[in-house]
Amino acid sequence: MLNTLQADSSIHEDQVLNFLVNWLDEEVELDLAPNAETTSEDVHEVLVGACADGTSVSTLCEKSEDSPHHNTVLYHLREKFDLESVERIGNTLLQKDVLDVLPEQ
């Protein structure tokens, strides 16, 4: 009997997390010092994880063994995160998605 393996067509939570973190890291610049212990990817990962869990950054950092300290993440989000660029990028993506879904007239 022929035994063929099929690729898993489902999307896993870690794949979505990685996609969002990579997208944020590419699109939203966090101007961190070159020698900083925390990377922009670390900050984005905490932010995406907290949103996905429906919890706060502080709670996620306290529960996670490998995340940076919550004060570090919150500092970078408050001082280095450009909310205007996030809003602009988000609006552009939403408009693109809406236009892709609307039927052509």
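Which element gives the largest share of the lining of the largest pocket? It is H2, which supplies 7 residues. Please note at the outset that this is a predicted model.

**Whole chain**

Display the entire chain as a cartoon. There are 5 helices and 0 strands, so that the pattern along the sequence reads α-α-α-α-α. Of the 105 residues, 26% count as buried. Among contacts with a separation of 6 or more, 46% join residues 24 or more positions apart.

Next, colour the chain by pLDDT. The average is 79, and 78% of the residues score at least 70. Among the elements, H3 has the highest mean pLDDT (94), whereas helix H5, residues 83–101, has the lowest (68). Where pLDDT is low, the predicted coordinates should not be read in detail.

**The largest pocket**

Select Leu 17, Glu 45, Val 46, Gly 49 and Leu 60. Of the 16 residues that line the largest pocket, these lie nearest its centre. Helix H1 (13–27) and helix H2 (40–53) are the elements that give two or more residues to this lining. The space in the pocket amounts to about 340 Å³.

**Val 48 in helix H2**

Now select Val 48, which is found in helix H2. Is this residue buried or exposed? Val 48 is buried, because its relative accessible area is 11%, and buried means under 20%. Show the side chains around Val 48: beyond residues up to four places away in sequence, it touches Leu 17, Leu 20, Val 21 and Leu 24. Draw a distance between the C-alpha atoms of Val 48 and Leu 20; the two are 7.1 Å apart in space, although 28 residues apart in sequence.

**The largest nonpolar core**

Finally, select Val 46, Val 57, Val 73, Leu 77 and Phe 81. Within the largest nonpolar core, which has 18 residues, these touch the most other members. The elements that give two or more residues to this core are H1, H2, helix H3 (57–63) and helix H4 (70–79). H2 gives the largest share, 5 residues.

Centre the view on Val 57. Which residues does Val 57 touch, not counting those up to four places away in sequence? They are Val 46, Ala 50, His 70, Val 73, Leu 74 and Leu 77.

How values were computed: Residues numbered from 1 in each chain as written. Predicted model: local features only at pLDDT ≥ 70, side-chain atom pairs only at ≥ 80, totals over all residues. Heavy atoms only, no water. 1 Å grid on protein atoms, 1.4 Å probe; cavity = no way out; pocket = protein on both sides within 12 Å on 5 of 7 lines; lining within 4 Å. Points joined across faces, edges and corners; volume = space filled by probe spheres on them. Helix = DSSP H or I, 4+ residues; strand = E, 2+ residues; numbered from the N terminus. Buried < 20%, exposed > 50% of the residue type's maximum accessible area, 1.4 Å probe, protein only. Contact = heavy atoms within 4.5 Å. Core = buried A, V, L, I, M, F, W, Y, C linked by side-chain atoms within 4.5 Å. pLDDT = per-residue confidence, 0-100.
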